[in-house]
Amino acid sequence: MFSLSRKDLTSLVVLAAIVLTMPIWLAPFGAAYPGLMQKFAIYAIFAVGFNILFGLTGYLSFGHAAFVGIGSYTAVWSFKLLTMDILPAMIFAVIISGLFALVIGYFCLRRTGIYFSILTLAFAQMCYSLAYSVLTPLTNGETGLLLAGNDPRYIDKMFGVTYGSGLPTPTFLGTTLGGYGGFYLTAIVLIVIFFISQKIFASPFGMALRGIKSNQTRMMYTGFNTKPYTLAAFVVSGMIAGLAGALLSVTDPLAGTERMRWTESGNVVLMTILGGVGTLFGPIVGAWLIKYFENIFSAINSNMLNNFFSFLPDGIQSLMVTVTSKFVGEGWHLTLGLMFVLIVVFLPGGLVEGAKRVAARFDRKKPRTGPAPAPQPAE
Amino acid sequence: MTAMLAQLLNGLDKGGAYALIALGLTLVFGTLGVVNFAHGALFMLGCFCAVTFRYLITIETVTVDPTKLTPWGSPVEVRTPLVQNWFGDFGAVMVDYSVPISLILAVPTMLAIGIAMERGLIKHFYKRTHAEQILVTFGLAIVLQEVVKAFFGANPYPQPIPTDLRSAADIGILLGLEPRTLTYPWWRIIYLAFSLFVIGGVFAFLQFTTFGMVVRAGMADRETVGLMGIDIDRRFTIVFGLAAVVAGVAGVMYTPLLPPNYHLGMDFLVLSFVVVVVGGMGSLPGAVVAGFLLGILQSIASMTEIKSLIPGIDQVIIYLVAVIILLVLPRGLMGRRGVMES
Amino acid sequence: MAQSEPNIILHAADVQKQFGGLRALSDVDLQVEEGKTHAIIGPNGAGKSTLLNVIIGRLPPTSGAVIFDGTVLTGKQPHEINQLGISRVFQTPEIFPDLTVLQNVMAPAFARRDGAFKINMLRSVDSETEIRDEALSLLEDIGMTGRLEDNAASLSRGDKRRLELAMCLIQRPRLLLLDEPTAGMSRHDTNTTIDLLKKIKSRGMTKVIIEHDMHVVFSLADKISVLAQGRIIASGLPQEIKEDPRVQEAYLGGSVE
């Protein structure tokens with residue numbers, strides 16, 4: 001049940017090592033603080049889950065941010081009504097977002113191609129608009145759903161758990177989750193989700209999903225009922241998105257509508273594409289790069305630019321600062337958009353694909369340039 | 001009943017905007033086979049053509065009039081737009097009518113933008129998958145809106161309706177109602193008429209010119225037209241330019257109704273895609289019908305009577321209708337079989 | 001009709017198919033005996049593909065019914081029909097271009113073993129040795145062991161057709177429908193395919209073949225039905241068909257090679 005092929009096991013160990021040592025190797029990049037590393041892990045989870053749908057079945061959903069939002073709200077409500085422990089919050093988030101995914105997926109998957117994409121977009125927009133308007137009692141609208149000192153927290157009350165004055169913080173089996181605790185929690189969830197994604201990729205179920213992407217007609221005439229397969233993939237990826245949403249709320253106990261915005265759905269598509277659709281590592285790489293650049297670029301201000309260009313003559317310096325300042329800080333989205341375009345134009349297979357191509361080129365060159373190479377292990 | 005009628009009218013101009021955007025989207029999709037997520041951005045760029053034009057003609061000269069004094073005793077500064085200095089009263093009219101006049105700026109600008117976009121980026125994506133087309137145009141849309149944001153900032157730019165057109169037409173009288181029971185602002189009437197005019201123009205262009213014939217043939221069967229040795233590439237560029245112009249002028253004229261900001265394009269994009277899909281991918285009449293239909297439905301759903309009946313319906317009506325139509329009519333209202341289903 | 005109790009596995013009973021005003025099939029009554037190879041021949045536009053599509057459930061008949069081993073096929077989904085034991089080779093090969101050759105053959109085996117839907121995500125494809133071995137031996141039969149890990153998209157057209165055949169065979173169907181299995185193949189490939197089909201004949205699989213190539217038809221068929229203008233104008237043993245004057249007139253242009 002937990003067995004993996006040797007290659008997959010190596011990947012899992014490599015990933016676990018990379019993720020758990022983040023605080024060390026991210027330090028030189030100035031990104032080794034828990035808040036950011038949590039984001040890395042959470043968005044990687046989101047992208048890995050999204051990839052199970054988009055990468056394997058080829059169905060491009062433009063509404064997955066809705067599930068993140070649903071997961072977030074569920075987690076905060078679990079904090080408010082039941083307990084500050086994160087386990088119930090995460091479990092409920094997965095269940096509720098899974099139920100939503102079941103219903104939304106059931107309808108959307110009756111269509112394919114762009115019609116499917118638009119249907120998911122329409123459903124997600126409905127969730128977003130409703131969260132903004134009628135459902136304010138549940139979502140607290142524009143302000144976002146926050147914890148309050150006088151929340152009932154029935155389970156906590158039953159066990160006599162109190163949080164003193166001030167706002168309570170999430171706990172894991174009684175221990176408070178702060179800073180690095182939060183990061184390691186998300187890191188371990190990421191490793192687990194990666195493992196699940198490996199299992200799916202290698203399984204007959206995953207092969208069936210790939211068959212659907214490759215040739216749906218043949219799948220049907222081969223005796224597969226393709227609808228439940230795609231629905232299962234949709235629900236699994238929706239549940240993982242919900243889990244990512246719950247983790248956002250666990251690490252920072254609030255939930256807002258902006259997490260459901262359709263551009264957020266677009267972002268996860270970009271992460272997956274940037275890294276490489278349908279590959280195991282691709283979505284993680286994509287999510288990390290985008291969140292890293294977002295963090296770096298949006299933090300740069302004109303002072304930093306002035307310093308950076310200070311070696312230039314005055315006139316040119318101010319020109320450079322004016323131009324580059326449009327790409328950083330508030331203008332980071334411009335850089336993001338450009339990245340989007342450049343990647344799709346020049347690297348349609350994503351970074352993982354590009355790396356493979358480069359590696360393949362080196363492999364072919366080696367025998368010609370150097371002495372006899374060491375025998376390559378077969379894939 | 002009157003309220004219903006008033007909402008119906010209100011829906012018409014919004015429907016006109018939807019129809020114009022959806023028309024261009026469909027044209028591009030039908031002929032070039034490209035799903036253009038940057039089309040909303042073209043609408044937004046059109047809006048900012050109006051903003052730019054108004055900015056340019058209201059550049060003022062400041063003269064000091066020593067004969068008049070302010071309450072503080074300093075001479076009054078008189079600001080006059082340059083155009084008024086140059087053209088006198090005609091200049092003042094120009095400033096007043098800046099929105100419709102800016103069409104003169106918008107048409108060539110949008111044409112140039114459209115052609116540049118098609119030549120520079122879109123044409124490389126004819127043979128790529130729809131997912132890739134969506135992504136690259138989505139990225140382009142972000143770039144365009146951020147560029148606009150870099151120049152114009154994040155605040156909306158309200159544009160004035162020309163003074164003569166600020167009143168409302170009392171169309172209730174035409175229907176035999178009491179005066180002032182059913183009025184409809186002149187500008188909305190103009191917008192509706194304008195959108196019908198543009199829609200009619202596009203259809204006439206496609207129906208009665210050789211160029212249009214080729215385009216229609218291309219929408220029906222792209223490969224065959226390509227095989228007939230017709231220079232498809234050049235025509236594709238023009239079609240894209242045309243779609244950009246249609247979206248642009250739709251934006252220009254819409255500015256007095258909705259102050260444009262940089263993310264207006266994204267807001268309209270989602271809606272106009274829903275419109276296109278409801279109408280049926282690749283069907284021009286479908287796009288127009290669905291545009292007006294959804295505009296009117298949205299407007300009716302925002303009536304208080306209906307909102308109190310079904311809370312929140314005004315927020316979701318469009319999406320709800322889209323979902324229902326797509327589930328009942330797989331290819332939208334007027335879609336053809338086999339389009340975009342692979 | 002008066003044969004000694006043949007077991008009819010597939011029966012197209014009085015099938016009519018109309019497209020608008022066009023009558024594509026009229027009063028087609030086709031009986032296929034279990035274990036036999038039944039060829040359907042006829043000039044272009046005679047309705048052969050329509051008939052096949054009606055049998056497989058892709059097109060609903062206007063009237064009449066298709067019965068497979070006591071089950072009415074009309075109104076069933078493609079996967080349900082397959083699960084009853086009917087596999088189909090298409091005129092243009094329908095394979096999984098993005099999967100490897102080996103995966104192409106293994107996937108249908110899972111549908112046979114696990115049914116139309118099963119979330120089987122605990123085991124890996126590689127650990128399913130039984131199915132893997134079966135796929136390997138089948139790929140050896142069609143001579144493609146050298147390309148197991150290649151993407152199926154990279155195969156030649158002839159190889160794709162043989163691959164598709166292997167994909168159907170691994171399901172061990174009770175009825176195999178072949179829509180021009182050798183169209184576009186070289187003489188050599190055609191002969192290899194005939195040999196392969198003869199080999200499976202000995203396994204007792206029922207086959208319905210639509211074919212243009214008379215060489216293929218007469219080397220394989222136990223029984224032949226001739227379709228012309230949507231009607232079956234003759235049905236019988238190959239020798240009878242060869243000598244039937246109506247057939248010669250309608251289809252074979254007066255003489256048989």
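## Basis of the model

The model is predicted, so local features need pLDDT of at least 70 and side-chain atom pairs count only at pLDDT 80 or more, while totals for chains, interfaces and linings use all residues. Residues are numbered from 1 along each chain as its sequence is written, and chains are lettered from A and ligands numbered from 1 in the order in which they are written.

## Contacts between the chains

Two residues are in contact if their C-beta atoms, placed from the backbone, lie within 7 Å. Helices (H or I, at least four residues) and strands (E, at least two) are DSSP runs, numbered from the N terminus.

The contact between chains C and A takes 29 residues from chain C and 26 residues from chain A. Helix H2 (78-83) and helix H3 (101-114) of chain C each supply at least two residues of the side of chain C that touches chain A. H3(C) gives the most, with 6 residues. The residues on this side of chain C comprise 16 nonpolar, 6 polar and 7 charged. Chains B and C, by contrast, do not touch, and their nearest C-alpha atoms are 14 Å apart.

## Chain B as a whole

Chain B contains 15 helices and 4 strands. Its radius of gyration, taken over C-alpha atoms, is 22 Å, close to the 20 Å given for 342 residues by the globule rule, so chain B is as compact as a globular protein of that length. The globule rule is 2.2 Å times the number of residues to the power 0.38. Along its principal axes, the C-alpha trace of chain B spans about 75 × 50 × 35 Å.

Of the 342 residues in chain B, 47% are buried. A residue is buried if 20 or more other C-beta atoms lie within 10 Å of its own, exposed if 12 or fewer, and partly exposed in between, with C-beta atoms placed from the backbone. Among contacts in chain B with a separation of 6 or more, 75% come from residues 24 or more positions apart.

## Annotated regions and a hairpin in chain B

An unreviewed UniProt entry lists several stretches of chain B as "transmembrane region", including residues 189-215 and 236-257. UniProt positions are given in the numbering used here, feature names are shortened, and annotations may be inferred rather than shown by experiment. Over residues 189-215 of chain B, the chain is 96% helix and 0% strand, with end C-alpha atoms 31 Å apart. Over residues 236-257 of chain B, the chain is 86% helix and 0% strand, and the end C-alpha atoms are 32 Å apart.

Strand E1 (residues 60-69) of chain B pairs with E2(B) in the antiparallel sense over 7 bridges; two strands pair if DSSP finds at least two bridges between them. Within this pairing, B:Thr61 has B:Thr80 as its bridge partner in E2(B). The two strands E1(B) and E2(B) form a hairpin with 5 residues between them, and B:Gly73 in the turn has a positive phi of about 95°. Of the 7 residues of strand E2 (residues 75-81) of chain B, 0 are buried, so E2(B) lies largely in the open.

## The sheet of chain C

In chain C, 6 strands form an open sheet with mixed pairing, in the order E6-E7-E8-E3-E9-E10. Strand E6 (86-89) and strand E10 (231-236) of chain C stand at the edges with a single partner strand each, so one side of each has no neighbour in the sheet.

Strand E9 (residues 223-228) of chain C runs antiparallel to E10(C), and 5 bridges join them. One of the residues involved is C:Val226, whose bridge partner in E10(C) is C:Ala234.

## A buried residue in chain A

A:Leu248 is located in helix H12 (residues 226-251) of chain A. This residue counts as buried because it has 27 C-beta neighbours inside 10 Å. Not counting residues up to four places away in sequence, A:Leu248 touches A:Ile42, A:Ser72 and A:Arg259.

How values were computed: Nonpolar A, V, L, I, M, F, W, Y, C, P; charged D, E, K, R; others polar.
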